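Hi,

Here is the structure I promised to pass on. Please open it first, then read my notes below.

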Amino acid sequence: LTVLGLESSCDDTAAAVVRHTLGEMPEVLASTVYGQTDLHAAFGGVVPEIAARAHAEKIDVCVRQAMDQANVGFDQIDAIAVTAGPGLIGGVLSGVMCAKGLSAATGKPLVGVNHLAGHALTPRLTDQTAFPYLMLLVSGGHCQFLIAHGPEQFTRLGGTIDDAPGEAFDKTARLLGLPQPGGPSVEHAAKSGDPKRWRMPRPLLDRAGCDMSFSGLKTAILRARDEVVAAKGGLTEQDRCDLAASFQAAVTDVLAEKTRRALELYLAENPTTPTIAVAGGVAANQTIRTRLEQVCAEHGTAFTAPPLALCTDNAAMIAYAGMERFRLGHTDDMTLVARPRWPLDKTAPALLGSGK
Ligand code: ATP
Ligand code: FE
């Protein structure tokens with residue numbers, strides 16, 4: 001099968017073409033991403049209206065580029081997959097409208113995809129990881145442990161009770177005067193920093209289960225920064241690097257320890273050791289990847305993490321997740337709606353409706 005995927009749920013406009021024959025490795029024939037970082041730079045965060053307009057302007061170009069790069073015509077496309085949520089509603093709408101238009105014009109089936117399912121199924125795109133597997137989905141807006149039973153079946157074992165780590169990386173970058181997105185710039189600064197200079201909080205480690213909390217960490221960084229500024233009148237390059245490293249060490253410790261707990265929870269109900277997969281933007285962090293790999297090695301479980309470009313938002317994961325839905329015979333029609341909220345685990349309590 002060959003599927004065209006569209007993604008526009010946050011600040012990346014993306015299109016991709018993925019081809020997969022059962023029994024072989026899936027192939028990303030093309031994957032184009034138009035980031036909007038520059039457009040939002042002056043505002044210190046993503047401005048929904050600006051994002052929506054930019055998606056609407058760029059999505060056609062993006063699709064054309066992906067199709068050209070993949071060197072396929074619509075006659076060779078089996079389905080058109082599009083992120084239908086969760087995300088910034090204006091952006092999601094741009095993608096959904098474009099996909100509906102393409103589907104109506106070409107007669108190709110339309111498949112609405114949950115953006116989080118896109119991240120959560122990436123290990124199958126890159127590694128053909130077999131169900132069930134244990135997943136840490138850690139991104140700009142989400143952080144949760146999931147058991148992936150099938151393309152549309154996920155059980156949530158636990159997750160953040162407040163902020164997502166990606167958000168915390170972005171906020172930390174702002175506090176330290178580092179550029180957005182904060183993940184890569186904090187990671188870079190942390191390389192030259194002393195992770196032990198500050199002991200940042202690692203909340204909920206004393207509590208059973210795999211729930212996490214990251215909002216206190218942001219406050220701790222703010223306080224540490226203000227103390228340095230009050231004492232010295234500003235931050236030196238070294239202060240910045242040390243703060244970044246201390247922050248990253250705390251996030252890494254929490255994710256590593258809670259991965260251990262999630263594995264325990266999994267093994268309490270399932271007889272065989274699962275592959276542990278990590279995905280989402282924060283999974284691009286090398287320190288975090290290496291640490292999770294160690295945890296898996298200690299517990300004798302296989303570990304998989306997608307290449308960096310498939311951790312952050314992209315349309316290849318949407319095309320692939322769409323293909324898995326399509327194989328189950330699940331398609332959508334023109335009534336497909338854009339959803340700002342859409343938890344992966346349908347049994348999640350209402351309180352967790354934000355999907356966090
Ligand atoms: P969601 O998927 O939850 O809806 P999103 O789509 O905005 O949110 P992603 O694109 O999956 O999120 O991830 C973006 C986030 O990942 C940003 O917060 C960014 O700072 C973070 N990130 C990207 N690279 C790194 C890195 N190397 N280290 C840590 N965090 C990173
Ligand atoms: Fe994402």
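I call a residue buried if 20 or more other C-beta atoms lie within 10 Å of its own. This is a predicted model, so the counts below are computed from it.

**The annotated site**

The UniProt entry, which is unreviewed, lists His115, His119 and Asp313 under "binding site". These residues span 199 positions in sequence, but no two of their C-alpha atoms are more than 8.9 Å apart, so they gather at one spot.

Take His115. The residue is in helix H4, which covers residues 115–127. His115 has 29 other C-beta atoms within 10 Å, so it is buried. Beyond its neighbours within four places in sequence, His115 is in contact with Ser9, Thr83, Gly85, Pro86 and Gly87.

Now Asp313. This residue is in the loop between strand S10 (303–304) and helix H10 (316–327). Asp313 is buried too, because it has 27 C-beta neighbours inside 10 Å. Residues up to four places away in sequence aside, Asp313 touches Glu7, Cys10, Asp12 and Ala14.

**Ligand 1**

Around ligand 1 there are 23 residues. The closest are Gly140, Gly141, Gly166, Gly183 and Gly281. Which helix gives the most to this shell? H6 does, with four residues. H4, helix H5 (165–176) and helix H6 (182–190) each supply at least two. By type, the shell divides into 14 polar, six nonpolar and three charged residues.

Best wishes

Definitions and conventions. Residues numbered from 1 in each chain as written. Chains lettered and ligands numbered in written order. Predicted model: local features only at pLDDT ≥ 70, side-chain atom pairs only at ≥ 80, totals over all residues. UniProt positions renumbered as here; feature names shortened; annotations may be inferred. Buried ≥ 20, exposed ≤ 12 C-beta atoms within 10 Å, placed from the backbone. Contact = placed C-beta atoms within 7 Å. Near = placed C-beta within 6 Å. Nonpolar A, V, L, I, M, F, W, Y, C, P; charged D, E, K, R; others polar.
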